[in-house]
Amino acid sequence: MEFLLFFFGFLLLLHLFKNVLLSSKRLPPSPWGLPLIGHLHLIGRMPHHSLQKLSRKFGEIMYLKLGMIPAIVISSPDLAKQMFKTGDTTFSFRPYLLVGEHSGYNFKGIALANGDHWKSMRKICTTELFTVKRIDSFLWVRMKELSYLVSSLAQACNDQSIVDVREHLTVLTFNVQTRILMSKRFFGENLSDDELAEARVFKELIDESVQFAFQFHISEFVPSWLKWIDWNIPQAKRVAAKQDEFLQKIMDEHKAKKSSPTKDFMDILLEHRGDDQEVVKATLMEILAAGTDTSACTVEWALLELLNNPEIMKKAQEELDVVVGGGRTVLESDFPKLTYLEAMIKETFRIHPPTPLLVPRMSTQACALGQSFHIPKGATTIVNYYSIGRDPEVWENPAKFWPERFLGLAIDVKGHNFELIPFGAGRRICPGMSLGLKTVYLTLGNLLHGFDWHRLPGKNYGVDETFGAVTWPKSSLQVRVTRRLANTNTQ
Ligand code: HEM
């Protein structure tokens, strides 16, 4: 009995001592929290809005407790620079995600992985998968898929039918991705019923996986030794098993096919990591999930803003008329001359980032940020890029969609200018940035060059959002289109 009393007394003292020691280090400002849940109750359905509101009160760096996990929220370009540049090594880990353990085959992919495994996958990505040469070798895929989209819009012009923009854009980006990843086209005409059914299952699988990832999972808010209490683990296992069955089938079919002269990503991953098929499956799934909706939602937001700002639409189309002319479609070689289109895309990334909180990182050691604020080891670190994009201290008239602000301004989206980092920055910057940018430019350029876009009478074209893996406009964009060019064809 005496021993037990002594033992618990010792634990209590240790706890008090740790707290005193911690409080002597200055943590960033923090709202009042509750026992166990910390500040989770302050985060609503739109976490980037809730965090923006809190940062207006508590400042550009905040300390929160997400359940039992310490978290730092950064909302200024200067602090983002400190974190991504000076502290790049310290903040190069991702925090724990339940789906990474189950759908990610115990963190064997790239986006949720850490340490040596992440380093080796990142190396394959940068030296093999996302090189300029490889991305250029798939230019024909981007052009071909665009030509299908243009044809179906031309058909909608003839039929005068309503166009669901999101549906068309996700088919385009999904097909571009799957053709690059596994030389397979899942959506479109001339496909058999079986093939279309397979496509639906695949897209549903990805959507289910991604939606599940964004649900509340208690294991993400407790220390690692308590993760077993998560009541969602059985569901996580079911989602992962369904996904595995499908991916294995695709991989077996792919291996059985005779090889083509252009290597796809699956060929390359099998060449490098064929010894562990789980690595290949996890990486393919993560690249597909990361690369499909991000590009599609950027184009949808840009078109929505242009429908609300017809004078900007007109300027963009006039530039396309001068640079490209009426006789042909927009090519990637036109991009350097399309400065207004570029400014418009930057403005879309500023005001409607696909991932407003980027992708959280985790500190691997204690360090200092800002005015010597103490950042504990293991803190989930979130950059609220949405808040930076709408900060009046950073941007003049931030609520206004105004591409002109970028004309003549030497700011790009490639991770050097910390007020505009839709692809993140530092060593974990989006490896698909170049492919994503090319897809966005080419699609938006051709859609504006080939068609006039019309609002449907009585329809709301508000800029409300939904939060998820990417932040889409709340309602999918519905419009009518009419032809601008007599020869609307990209083939
Ligand atoms: C408009 C398009 C896109 C946007 C805005 C975007 C944004 C992002 C962001 C913010 C991150 C986190 C970066 C960080 O932690 O600093 C990221 C990571 C990633 N993205 Fe993208 N992305 C886009 C397109 C793509 C495409 C097309 C692909 C692949 C085909 C892709 C693959 C990835 C992967 C694999 C990661 C994880 C990298 C790592 O953890 O090392 N993304 N992306």
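Q: How do helix H12 and helix H16 pack?

A: Two packed helices are described by the angle between their axes and the distance between the axes. Here helix H12 (residues 277-308) and helix H16 (residues 433-450) pack at about 35°, with axes 9 Å apart. Axes are lines fitted to C-alpha atoms, for helices over the stretch in contact, and angles run from 0 to 180 degrees between N-to-C directions. Helices (H or I, at least four residues) and strands (E, at least two) are DSSP runs, numbered from the N terminus. This is a predicted model, in which local features need pLDDT of at least 70, side-chain atom pairs count only at pLDDT 80 or more, and totals for chains, interfaces and linings use all residues. Residues are numbered from 1 along each chain as its sequence is written, and side-chain values use heavy atoms, with hydrogens and water left out.

Q: Which residues of H12 make the contact?

A: Contact means heavy atoms within 4.5 Å. The residues of H12 are Ser-295, Thr-298, Val-299, Ala-302, Leu-303 and Leu-306.

Q: In what order do the four strands form the sheet?

A: Two strands pair if DSSP finds at least two bridges between them. The open sheet has the order S1-S2-S7-S4, with mixed pairing. Strands S1 (61-66) and S4 (361-362) are at the edges, each with a single partner strand, so one side of each lacks a neighbour in the sheet.

Q: Where does pLDDT stay under 50?

A: pLDDT is the predictor's confidence in each residue, from 0 to 100. Where pLDDT is low, the predicted coordinates should not be read in detail. The value stays under 50 over residues 7-16, while the chain averages 91.
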